[in-house]
Amino acid sequence: MICNLLQNRCFRCPYVFSTDISDAFQKKIINKKYTIMLFHSQHRPAVFDKEAIDQLSKNLPKDQLLWLSGYFYGLYESKNSIITAPQPVVETPQITILYASQSGNSKKAANQTAEKIQTKGWKTNVVDMADYQNRQLKTERFLLLVVSTYGEGEPPAAAETFYNWLHSPRAPRLPELNFAILALGDTSYLHFCKTGEDFDTRLEQLGAKRLVKRADCDVDFQADAAQWMDSVIQHINNLDAFKATVQPSNTFIKQQIVEKAPTYNAKKPFQAEIIEKIQLNGRGSAKETYHLELATESLKYEAGDALSILASNSERLVAAVLKTTRLEPSTLVKFDNQELTLGEILLNHTELSVLTRKGLTDYHHFSKNEKLGQLLLDNSALQQYIYGRDIVDLLNDFPTDFTAETFVKILKKMPARAYSLASSPLFCADEAHLTVSAVRYQAFGRKKEGVCSTFLADRIGIGEKLNVYVHENEYFRLPKDSNQNIIMVGAGTGIAPFRAFAQEREVTGATGKNWLFFGNPNFTTDFLYQLEWQQYLKKGILNRLDVAFSRDQAEKIYVQHRLLQQSKQVFNWLENGAHFYVCGDKNRLAGDIERALIGIATKEGGFSTEKATEYVKNLKKQRRYLEDVY
């Protein structure tokens, strides 16, 4: 490269240098007749006239010296490579990414997708589906959908309006649209990733073109989601509309490395020591609930988050599986890119206590059992069969012969179990608290137990360590405005996040009012954290407490009944901007509470049932009706 400062131009490359060099400086160069010549090694060795450079720079102002130093440093950094002039970036179409999330996972995946796409120099627009203008869809050319499924095949609240519109006759033809879908779900539900599947089918019906095959992701979605993102980017990269994109040159930009806090996940969990374990129920209770305190140190979380725990199966269940299959626990099997004994795989790495449609489908693939094949064709019968049964039941009901290798292939990897955190990090520094109910029941002639709940209750104690990581739940947070009132509705261990909320509202001095509805079977044995709630009432942190102990009277009373009894006050709070939170059983509590709110809106707002239903839906869309249900 030959650079002539006199003409502000590099003759071997098309760079035009800064025109900020003063006229006096240029005249000085002309009068002295100095020309600085630099040569790249591929032409001939560099020759420097030190005296000329010294004379030239002796009386230069600081800003001009700084410019020259930057220029020469840039040459050094380029390591003798030929620097070509940055070409203008060719305009490419915008890639719109819509997400609909119940707990925040879809939003997280959508933003990760956008970050990856932006490294290619392409434009993205990430939008919550609840905020998307439907009419805009007809103008889109590249659309990525990241969507979860709520419960048994329902779209999350944020997706309802767009979902219903897209499946209506009003939806336009979309022959110019290219799309791809990332569906998040849980294989423990019969209708796994159904919302994503519905969007996929409908967009194709409307004439849109699929960029890549839909990815259906289980609870641990990160690896499958990353693969989908890479596939989408690779496909887009081959499209003519994106081939001409030129990346901006970063030759002279040095990235500042920011040290981040450690990130923990299923593959890299945090080891949290149990420092306290207390049974909360009184003597004679039919329930078995534990309060656990863990030392967390560098583990960061927020009130409303959950803690995911990597547990082990019980040795009793593993022994039953081995007895039924007649397989040897010492047999070595390749699993998850490592060779382990069958006994180790069954104890620590595979799901044995929950059946799924996919698991039964894989089992049928190996067994060829006709009865099982018929069962898989009947959704209602399949759902009834799966409930309460485990892998031993399946082996007994549809016996077949397996090798250790084939048996392991039909098993699902053990997912982490998430528990709502019962503490605020602002109140309990370097600790995380959990409220866990041990699940034990009799079904189909055998004693059954929850994997993680009995692991915590029976198989691990104080001083031992758990493998954990935080499951962020950004859609179950306290209001940003601490003046806002909140209504909290929890049953059983659903009290956990509200204990965290109360702690946080106390520490931050929030002025908003706090109203708690809590339900459990009996007052004397099952009033979880009773003394704490009484203290919060005394301090004025808790403004109202309504309890429902269902077995303390002949007629069963639940939290939804208490809500209806206080309908006028509940409606007034909602009308004045209160946030409404529900935590507990998804299949029973969540539906009952929603129906109660619809009834309250009908009675107190004078709405029709249809209008009241829309009122409650709008609370969800506004993120003022928030659920942490399981």
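Buried here means under 20% relative accessible area, exposed means over 50%, and partly exposed lies in between (1.4 Å probe, protein chains only). Strand β22 is thus mostly covered, with six of its six residues buried. Helices (H or I, at least four residues) and strands (E, at least two) are DSSP runs, numbered from the N terminus. The model is predicted: local features need pLDDT of at least 70, side-chain atom pairs count only at pLDDT 80 or more, and totals for chains, interfaces and linings use all residues. Residues are numbered from 1 along each chain as its sequence is written, and side-chain values use heavy atoms, with hydrogens and water left out.

Strand β22 belongs to an open sheet of five strands, ordered β21-β20-β19-β22-β23, with parallel pairing. Two strands pair if DSSP finds at least two bridges between them. The edge strands, β21 (544–549) and β23 (625–629), each pair on one side only. From one strand to the next, the twist averages 10 degrees. Helix α21 (residues 567–575) packs on the sheet and touches β19, β20, β21 and β22 (579–584). The direction of α21 makes about 135 degrees with that of β20. Axes are lines fitted to C-alpha atoms, for helices over the stretch in contact, and angles run from 0 to 180 degrees between N-to-C directions. Contact means heavy atoms within 4.5 Å.

Several bridges define the sheet. Strand β19 (residues 486–491) is joined to strand β20 (residues 514–520) by six bridges, and the two run parallel. Ile-486 stands opposite Asn-514 in β20. Ile-486 also stands opposite His-579 in β22. β19 and β22 pair in the parallel sense over five bridges. Five bridges also join β22 to β23, again running parallel. There, Tyr-581 has Leu-626 of β23 as its bridge partner.

A helix pair was examined next. The axes of α17 (residues 496–508) and α19 (residues 530–539) come within 12 Å and cross at roughly 35 degrees. The crossing is left-handed, a term for a near helix turned anticlockwise from the far one by less than a right angle. From α17, the contact uses Phe-498, Arg-499, Ala-502, Gln-503 and Glu-506. From α19, Glu-532, Trp-533, Tyr-536 and Lys-539 take part. These contact residues divide into four nonpolar, one polar and four charged. Ala, Val, Leu, Ile, Met, Phe, Trp, Tyr, Cys and Pro count as nonpolar, Asp, Glu, Lys and Arg as charged, and the others, Gly among them, as polar.

Helix α6 (residues 194–205) has twelve residues, which at 1.5 Å a residue should span 16 Å. The expected span is 1.5 Å times one less than the number of residues. The end C-alpha atoms of α6 are 16 Å apart, which agrees. Its buried residues are Thr-195, Gly-196, Asp-198, Phe-199, Asp-200, Arg-202 and Leu-203. They pack against β5 (142–148), α5 (160–166), β6 (178–184) and β7 (209–210). Just after α6, Gly-207 takes a positive phi of about 95 degrees.

Arg-326 has a phi of about 60 degrees and sits in the loop between α9 (315–325) and β12 (332–335). Arg-326 is exposed, with a relative accessible area of 62%. Phe-444 has a positive phi of about 55 degrees. The loop that holds Phe-444 lies between β16 (440–443) and β17 (446–449). Phe-444 is partly exposed, at a relative accessible area of 43%.
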